[in-house]
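Q: I have a model open and want to learn how to read its features one by one. Where do we begin?

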Amino acid sequence: RNRLGSEQLLDVIEELKIAQSGKNDFVANVSHEIRTPINTICGMSETILREELPKQIKEHVVSMQMAGRNLMGVVSNILDFSELQTGKIELEEEDYNITTTINDVISMAMAKKNEKNLELIVDCDATMPSVLLGDEKKLRRIIMNLVDNAVKFTETGGVSLRLGYRKEEYGVNLVISVKDT
C-alpha cells in the first residue's frame, strides 16, 4: 500500500511540474505579446515629442511615454521572474556607460517624486571607471526598482543613491546602495 501511495505522489509531482512549465511558458508568451504595443506607444510618443506642440499636450504625451516605459519595466520584470523560475535567465556582457544609466534613473526618480518634497542625493565615486562591462538593461531595472520603491514609500526626507566599486582580479564589482528616510 505504501508503494502505491509513493507512485501516486510521484505522479502528482510530475503533473505539478508540467503545470508549472505551462504557466511559465504562458507568462513568457503573454509578456512578449504585450511588448509590441508598448513599444509602439513609446515610439509614437517619441515621434510626437519631436513636433512643435502646445505645452499642455506635450506634458500629456510625456506622461503617456513615462507610463509606457513604466509598463515596459513591469513586463520586463515579469519576464525576468519567469526566466529565473525556469533557470533560463541569461546575462548580457556589453560595455555600458554607468553615467548614462544613473542619469536615466535620476530622471525617472525626479518624475516619480511628483509633489513630494523629497531630497534626492546621488553620491558616485569619482574614481570609478565610466565604462563598465555587464548587463546594463537588467542593472538599470534593478536600480530603478530600488529607487522607485524608496521614492514611493518615503513621504518626507530623502532618498540616497550611492555608487562605488570594488577592485577584483577580473576587473571591478559595482557597489550600489539605496537608502531612504
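Q: In which helix does Lys138 lie?
A: A caution before that: this is a predicted model. Lys138 sits in helix 4, which covers residues 136-152.

Q: Is Lys138 buried or exposed?
A: Compare the relative accessibility with the cut-off. Buried means under 20%. Lys138 has 17%, so Lys138 counts as buried.

Q: Which backbone oxygen does the side chain of Lys138 reach?
A: That of Glu90, at 3.3 Å.

Q: Which residues does Lys138 touch, leaving out those up to four places away in sequence?
A: There are four names to select in your viewer: Asp80, Ile89, Glu90 and Leu91.

Q: Now a strand. Where is the place of Asp123?
A: Asp123 belongs to strand 2, residues 118-124.

Q: What does Asp123 touch, not counting residues up to four places away in sequence?
A: Leu161, Arg162 and Leu163. With Arg162 there is also a polar contact: the two side chains are joined at 3.3 Å.

Q: How far apart are Asp123 and Gln20 in sequence and in space?
A: Keep the two scales separate. Along the sequence, Asp123 and Gln20 are 103 residues apart. In space, their C-alpha atoms are 43 Å apart.

Q: How many disulfides does a search of the whole structure find?
A: The general idea: a disulfide is a covalent bond between the sulfur atoms of two cysteines. Here the search finds zero.

Q: Is Cys42 buried or exposed?
A: Use the cut-off of 20% again. Cys42 has a relative accessible area of 15%, so Cys42 is buried. Cys124 has 40%, so Cys124 is partly exposed.

Q: How many cavities of 30 Å³ or more does a search of the whole structure find?
A: Rolling a probe the size of a water molecule over the atoms shows where empty space is left. In this structure the search finds one cavity of 30 Å³ or more. The largest cavity has a volume of about 40 Å³.

Q: Which residues line the largest cavity?
A: Ala109, Lys113, Leu118, Glu119, Leu120, Val151 and Val159. Strand 2 gives the most to this lining, with three residues. By class, the lining has five nonpolar residues, no polar ones and two charged.

Notes. Residues numbered from 1 in each chain as written. Predicted model: local features only at pLDDT ≥ 70, side-chain atom pairs only at ≥ 80, totals over all residues. Heavy atoms only, no water. Helix = DSSP H or I, 4+ residues; strand = E, 2+ residues; numbered from the N terminus. Contact = heavy atoms within 4.5 Å. Polar contact = N/O pair within 3.5 Å; in protein donor to acceptor, adjacent residues only side chain to side chain. Disulfide = S-S within 2.5 Å. Buried < 20%, exposed > 50% of the residue type's maximum accessible area, 1.4 Å probe, protein only. 1 Å grid on protein atoms, 1.4 Å probe; cavity = no way out; pocket = protein on both sides within 12 Å on 5 of 7 lines; lining within 4 Å. Points joined across faces, edges and corners; volume = space filled by probe spheres on them. Nonpolar A, V, L, I, M, F, W, Y, C, P; charged D, E, K, R; others polar.
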